[in-house]
Protein chains: 2
Amino acid sequence: MAAEPNLGLLCFYPYRALEGRIFAALAAAGFDDLTVAQGRVAARIGEHGTRLTELAEQAQVTKQTAGFLVDQLERAGYVRRVPDPTDGRARLVCFTERGLAVVAVARRVEAEVEAEWTAHLGEESTRALREALTRLREVTDPWR
Amino acid sequence: MAAEPNLGLLCFYPYRALEGRIFAALAAAGFDDLTVAQGRVAARIGEHGTRLTELAEQAQVTKQTAGFLVDQLERAGYVRRVPDPTDGRARLVCFTERGLAVVAVARRVEAEVEAEWTAHLGEESTRALREALTRLREVTDPWR
DNA sequence: TGACGATCGTCAGGCTCTCTGACGAAAATG
DNA sequence: CATTTTCGTCAGAGAGCCTGACGATCGTCA
């Protein structure tokens, strides 16, 4: 519903471009069974594992949906669920070796793309962009 | 697949926030039968109507998906299809009165949100943000 | 003018994603 | 302990999106 680009829509293009680049690279690296929905949940998994409920909240989907996607990731060997030592009800979703390999590829592409963007915008402008977006996150991201 | 926020992910938060605000406002205004997928297609409709194929390309979905969503929008009275006077094969998807009312609400919310963001970031930083994002679009948006 | 490939849009079928609702198990509360 | 909250799952349904195939129309070139 927009003809003239507003700030929100302008934000959308880089995000979509990065996501596209990451999934293209993953497919090229042989990880061609990953879907975008799975990736958005997997992207929230922390170093020491993350609870399903937390993944659902951060990805803004229901627990059921997050559980469904984690099931798929688990079946494909990217993550596993381990009991949470601090809470008998909960389990922590952790990356497997294969999952960490995916993360490594994604990180590499992120760095590549950022380098390209920096080359296009210039160092100073990129720094300002990152700073503005980081501050904007304070009022647009309910999670941290 | 990211722990430390990269530029692409940082772009995602404002976009998601704006989209959420717009749909909340639309629902509050009585337009509660619109879905996000419909909105993403409708957002690409130009002043004088736009072809289905073009909507599909810009929203990055298949023609079939775009046609399915336009069917829904048409049934709900938001758009209509008129013959393209310059091409007998094509039809132009145009907003109806009801559709234009939705656009008006969306525009108002966009302005509100941008004002809030400007208040948070400051005039100068916002201007720099918009300029950087606009230039970034040159390398991240295949469409214009 | 007529034949050919390209483009516009649709139909059919199936898979993925996401939701609402309800539920047992374990933890926190008091 | 009894109650309430939180964690995760099961079941069912619907929306979204895709691939493949198709008829109709356009543009081009012989």
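A crossing of two helices is called left-handed if the near helix is turned anticlockwise from the far one by less than a right angle. That is the case for α1(A) and α6(B) in this predicted model. Here helix α1 of chain A (residues 7-28) packs on helix α6 of chain B (residues 123-140), with the axes 9 Å apart and an angle of about 40° between them. With that angle, α1(A) is oblique to α6(B).

As for who touches whom, α1(A) brings A:Leu7, A:Leu10, A:Cys11, A:Tyr13, A:Pro14 and A:Ala17 to the contact. From the other chain, α6(B) supplies B:Thr126, B:Leu129, B:Arg130, B:Leu133, B:Thr134, B:Leu136, B:Arg137 and B:Thr140. Sorted by class, that comes to nine nonpolar residues, three polar ones and two charged ones.

On the α3(B) side, the contact is made by B:Leu52, B:Thr53, B:Leu55 and B:Ala56. Facing them from α4(B) are B:Lys63, B:Ala66, B:Gly67 and B:Val70. The class tally for this contact is five nonpolar, two polar and one charged.

In chain A, A:Thr96 lies in the loop that runs between β3 (91-95) and α5 (97-121). A:Thr96 has a relative accessibility of 12% and therefore counts as buried, the cut-off being under 20%. Its side chain reaches the backbone oxygen of A:Gly77 at 2.6 Å. Setting aside neighbours within four places in sequence, A:Thr96 is in contact with A:Gly77 and also with A:Tyr78, A:Val79 and A:Arg80.

Over in chain B, B:Thr96 is likewise found in a loop, between β3 (91-95) and α5 (97-121) of that chain. B:Thr96 is buried too, because its relative accessibility is 12%. The backbone oxygen of B:Gly77 is reached by the B:Thr96 side chain at 2.5 Å. Once neighbours within four places in sequence are left out, the contacts of B:Thr96 are B:Gly77, B:Tyr78, B:Val79 and B:Arg80.

Methods. Residues numbered from 1 in each chain as written. Chains lettered and ligands numbered in written order. Predicted model: local features only at pLDDT ≥ 70, side-chain atom pairs only at ≥ 80, totals over all residues. Heavy atoms only, no water. Axes fitted to C-alpha atoms, helices over the stretch in contact; angles between N-to-C directions. Helix = DSSP H or I, 4+ residues; strand = E, 2+ residues; numbered from the N terminus. Parallel < 35°, antiparallel > 145°, perpendicular 65-115°, else oblique. Contact = heavy atoms within 4.5 Å. Nonpolar A, V, L, I, M, F, W, Y, C, P; charged D, E, K, R; others polar. Buried < 20%, exposed > 50% of the residue type's maximum accessible area, 1.4 Å probe, protein only. Polar contact = N/O pair within 3.5 Å; in protein donor to acceptor, adjacent residues only side chain to side chain.
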